[in-house]
Amino acid sequence: MNDDTRKLLKVFGVAVTDSEAEVERLAGIAAQLSASSSKEEIAKLLKDGSDLCQELTTRWLEITQRVFAIQNRLQQQLAEAGARLQGTN
């Protein structure tokens, strides 16, 4: 496995693990909101939740792009091999 791939997977794994704890924290805050909660409290919760989702999406896209790149390389190599074999017949 490529070192860059290992690093991406590690960063992704840490982001997912950290997000689980953060989701629990944010859910606890959300459960305590009431009609008397301040706009600032609500806005902070919304921003923190949005930032968390954005971070996870970014990490997920990095992994997805890596997988697509790996698959694309293989498909190109297979197509080239197939073309060479067709040329020898």
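Asp48 counts as buried, because its relative accessibility is 18% and buried means under 20% relative accessible area, with exposed over 50% and partly exposed in between, for a 1.4 Å probe and protein chains only. Before I go on, please keep in mind that this is a predicted model, in which local features need pLDDT of at least 70 and side-chain atom pairs count only at pLDDT 80 or more, while totals for chains, interfaces and linings use all residues. Residues are numbered from 1 along each chain as its sequence is written, and side-chain values use heavy atoms, with hydrogens and water left out.

Asp48 sits in helix H2, where helices are DSSP runs of H or I with at least four residues, numbered from the N terminus. If we set aside its neighbours within four places in sequence, Asp48 is in contact with Arg25 and Leu26, contact meaning heavy atoms within 4.5 Å.

Turning to the helices, H1 (residues 3-32) and H2 (residues 39-88) pack at an angle of about 160°, with axes 10 Å apart, the axes being lines fitted to C-alpha atoms over the stretch in contact and the angles running from 0 to 180 degrees between N-to-C directions. H1 is therefore roughly antiparallel to H2, a term for angles over 145 degrees.

Methods. Helix = DSSP H or I, 4+ residues; strand = E, 2+ residues; numbered from the N terminus. Parallel < 35°, antiparallel > 145°, perpendicular 65-115°, else oblique.
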